[in-house]
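Trainee: I have just opened this entry and would like to go through it with you. Could we begin once it is on the screen?
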Amino acid sequence: MRIAFTREVSLRIAECELTHLQRDPVNASRAREQHAVYENRLREAGCDVRRLPPLPDCPDSVFVEDTAVVLDEIAVITRPGAASRRPETGSTAQALRAFRELVTVTAPGILDGGDVLRVGKNLYVGLSGRTNPAGLDALAKAVGPHGYTARGVELSGCLHLKSAVTRVAEDTVLLNPAWVEPAVFSAFAQVAVDPAEPAGGNALQLGDTLIFPEEFPRTRERLEAAGIPVTPVPAGELAKAEGGVTCCSLIIDA
Ligand code: CIR
């Protein structure tokens, strides 16, 4: 069974953290409508969608991906790089405890799940404003005994590694070459985002389904030309909060 943990959009989402975008107030009810469509797409892709307890006073709490890194063997509870987001991890840990042994990142480490791209037993870890070398080390120590390697990846111009690059098929990544060095992913076939859609590098692969924002039609064309069909979702409202489609779920095979 595949479970997708999500969390409802806080009505305070307009007070979210912002790093690269100018504030364009998020409409919480529109964000909730779009989030409900997203949850339906997760169900259609075979997930049992379970909502974590609401955190109405944590504006960014819908972005559950940042609170944990879930692997087959363990789950690593993060220490988010933004202090405002640290209260989000407790309820994630509470939910994951039933499924995985937990390891927790501690100070001075910071780590956001959005910085961790897993491909098999390789973890690519963005060294971003939200993840530091101590966070990378903590992750590497936690996962090493289970046969994983974790390597740091430099980025520029975006919030998280997975803002810049995600896996879209067995052997293919989607990336924005302005934000991450394509040579790091030379082992993969690559689809580059359309330059007019710089935030188009974040897609969520669930088996044969690729959930992808409907706001990026040009990049969608590039994916489809590469033989990768997409399942579009409306994601524009949470994009104003610098969130993408991977950010809104934690996927766990139970
Ligand atoms: C933040 O800055 O933390 C939120 N406004 C956006 C987090 C998006 N999460 C993700 O990309 N994994």
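Trainee: Is Lys-162 buried or exposed?
Mentor: Lys-162 is buried, because its relative accessible area is 12%; buried means under 20%, exposed over 50%, and partly exposed in between, with a 1.4 Å probe and protein chains only. This is a predicted model, in which local features need pLDDT of at least 70, side-chain atom pairs count only at pLDDT 80 or more, and totals for chains, interfaces and linings use all residues. Residues are numbered from 1 along each chain as its sequence is written, and side-chain values use heavy atoms, with hydrogens and water left out.

Trainee: Where is Lys-162 found?
Mentor: Lys-162 is in helix 4, residues 161-164. Helices (H or I, at least four residues) and strands (E, at least two) are DSSP runs, numbered from the N terminus.

Trainee: What does the side chain of Lys-162 make a polar contact with?
Mentor: Its partner is the side chain of Glu-65, at 2.8 Å. A polar contact is a pair of N or O atoms within 3.5 Å; within protein, one must be able to donate a hydrogen and the other to accept it, and residues adjacent in sequence count only if both atoms are side-chain atoms.

Trainee: What else lies 2.8 Å from a polar side-chain atom of Glu-65?
Mentor: A nitrogen atom of the ligand does. A nitrogen atom of the ligand is also 2.9 Å from a polar backbone atom of Glu-17, and an oxygen atom of the ligand is 2.9 Å from an N or O atom in the side chain of Arg-85.

Trainee: How much of the ligand's accessible area does the protein cover?
Mentor: The protein covers 98% of the 350 Å² that the ligand has on its own, by the Shrake-Rupley method with a 1.4 Å probe.

Trainee: How many residues surround the ligand?
Mentor: There are 14, and the closest are Asp-60, Asp-66, Arg-130, Ala-241 and Cys-247; a residue counts if one of its heavy atoms lies within 4 Å. By class, four are nonpolar, three polar and seven charged.

Trainee: Changing topic, which residues of helix 1 are buried?
Mentor: Ala-28, Ala-31, Gln-34, His-35, Tyr-38, Glu-39 and Leu-42 are buried. Seen down the axis of helix 1, these buried residues fall within an arc of 150°, so they line one face; the arc is that of the directions from the helix axis to the C-beta atoms.

Trainee: Which residues are exposed on the other side of helix 1?
Mentor: Glu-33 and Glu-44 are exposed there.

Methods. Ala, Val, Leu, Ile, Met, Phe, Trp, Tyr, Cys and Pro count as nonpolar, Asp, Glu, Lys and Arg as charged, and the others, Gly among them, as polar.
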